[in-house]
Amino acid sequence: GPPWRSIALVARLKVAGLAGRLAGDSTPTAKGYRSYPLELEALLVEGPGMAGRYSAGGSGRLLVREGPVLEAGARIEARARLGGGSASGGAAASGGAAASGGAAASGGAGPPAFFARAADLRVETGQPGAAGSRGLGEALAALRSKLRAGFGAALEAAGGGGASAGLLAALLMGSREALDADEARDWKRAGCAHILALSGQHLAILAALAGFLLSPLVGKPGARIAALLLAFLFVFVAGPGPSLLRSLLMYSIGALAFFTDRPQSGRTVLALAFCLALAFDPESARSLSFELSYLAIAGLVVLGPRFEHLFLPALPSAAAKALAAGCAAPAATTPLLALAFGTLYPGGLLASLAAGPLVAAYMYWGLGAAALAGLFPAAGPFLAPVSRLLHRLVAGMMAFFARWPELSVGDGRAAALLVVLAAAFVYALPHVEHRIRPRGRVRRRPRYGEPDGRRLLTGPAFPEL
């Protein structure tokens, strides 16, 4: 027939299913689905008197009501309908609303979501042969799957299931599938999305715990090595999400600088981690969680000391540091959030200040309780009430600040520019004060290389001088 007829027939095709390989273990959602993160290999399409199978790349997410538990590496083919989400790679989302129970509180577009019935799911588990014939990749994937399943079960027991365990999984494993949708919305409306995006905080908690427990036994260098190995193990189990990978890279660079006696500034460490992360996974830079994570740390590193300088004349040192950290991270992330959502949350600053210590305590407790529940399963019923109490406090705080009025800013450009200008003013304030201060009251610091006998001993290796 004429070409226009073929074009019209192709235009009437619709997605009827998909095929792909699991990029990670399946996880339950808060709405009763089981979520399967997929590396897409093909899309099944059909139309009037036509059906076909077309190669497809990118990533997708299959949601199956009461689907089976599957491990990473399994191949899936299913008749499914395409729901909400944003295309990631080859497939484009069209119409519908994503019904995932755990929408990421950090917002942003995710991979396209497909919905299927358990009866329409065909699984090829790809069982390997004898242990001796396994490849190294398959053996590592199997080990990671077992460790991840064990850690997930320990978190479930320590959290007492339900919403408490879902938030612990989101904070400690980067898995937001089981995070309650209403609770995720409260985090966003409270202006605390960057706290969830900054999930790499628990690597610092792990390092602090390892240092505290092992320093008396093996010394500070040995404790740092143990903490670094523990951090690598944790990222291997939880998966190298953007925030976790950023945290691991920064901790590794800092440890390397420590052992080589070449300490670096926070800006240098952050910049090196950013470059390495782009080399490891360039596509991750397009995700909102990646951008929020790096922006939040950049705000702490660059703007934190400037805000502290602003608050120190009026507040004690400890209060000034806490308030500076609470202002610096939102100052860096708010412009991006305004551009992404067209909304500002005036209560976000107070919410961040109030929630920061409580969320850190919840994460400390979650890690310790999961370790106890993993070693002693009978301890789970005794740990769960404390987890639920802490969860109620965190969730209640988010719900309180989520009720504060939000400010619609349209496309967000003007609001983002205003926040950037305000941050630039705070950043420049110490330099302005230095310029307008009377010269007689300021002693100029000798520059590096001037004929001053002490300058030969100063530098990164001798900060105390």
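## Close-up views of a predicted model

View 1. Residues are numbered from 1 along each chain as its sequence is written, and side-chain values use heavy atoms, leaving out hydrogens and water. Arg75 forms a salt bridge with Glu41, with 2.5 Å between the closest N and O atoms (a salt bridge puts a side-chain nitrogen of Lys or Arg within 4 Å of a carboxyl oxygen of Asp or Glu). Glu41 sits in strand 3 and Arg75 in strand 6 (residues 75-79), 34 residues apart; strands here are DSSP runs (E, at least two residues) and helices are too (H or I, at least four), numbered from the N terminus. Glu41 is partly exposed as well, at 34% relative accessibility.

**View 2. Glu77 and Arg122 make another salt bridge.** The N to O distance for this pair is 3.0 Å. Glu77 belongs to strand 6 and Arg122 to strand 9 (residues 121-124), so the contact ties together parts 45 residues apart in sequence. Glu77 is partly exposed at 22%, whereas Arg122, at 55%, is exposed. The structure has five salt bridges, and one of them joins Asp120 to Arg117, also with 3.0 Å from N to O. Asp120 comes out as partly exposed at 25%, and Arg117 as exposed at 57%.

**View 3. Phe274, Phe290 and Tyr294 form a ring cluster.** Ring pairs link these three residues (rings of Phe, Tyr and Trp, the last by its six-membered ring, pair if their centres lie within 6.5 Å; planes under 30 degrees apart are stacked, over 60 edge-to-face, and the rest tilted). Phe274 and Phe290 have ring centres 6.0 Å apart and planes at 50 degrees, so they are tilted. Phe274 comes from helix 8 (residues 266-280) and Phe290 from helix 9 (residues 288-311). Phe290 and Tyr294 are tilted too, with centres 4.6 Å apart and planes at 35 degrees. Both of these lie in helix 9, four residues apart, or about one turn of the helix. Which of them are buried? Phe290 is, and so is Tyr294, while Phe274 is partly exposed at 35%.

**View 4. Leucines make a nonpolar patch on the surface.** Leu140, Leu143, Leu147, Leu230 and Leu233 share about 390 Å² of accessible area (areas use the Shrake-Rupley method with a 1.4 Å probe, and for residues only the protein chains shown count as cover). Patch residues have over 30% relative accessible area and no salt bridge; like charges are joined within 9 Å, and nonpolar side chains (Val, Leu, Ile, Met, Phe, Trp, Tyr) within 5 Å. Helix 2 (136-159) and helix 6 (201-238) each give two or more residues, with helix 2 giving the most, three. Leu233 lies in helix 6 and is partly exposed at 44%.

**View 5. Helix 10 has a kink at Thr333.** The bend is about 35 degrees, shortly before Pro335 (the angle between axes fitted to the seven residues ending there and the seven starting there). After helix 10 comes Gly342, with a positive phi near 65 degrees.

Terms used: This is a predicted model: local features need pLDDT of at least 70, side-chain atom pairs count only at pLDDT 80 or more; totals for chains, interfaces and linings use all residues. Buried means under 20% relative accessible area, exposed over 50%, partly exposed in between (1.4 Å probe, protein chains only).
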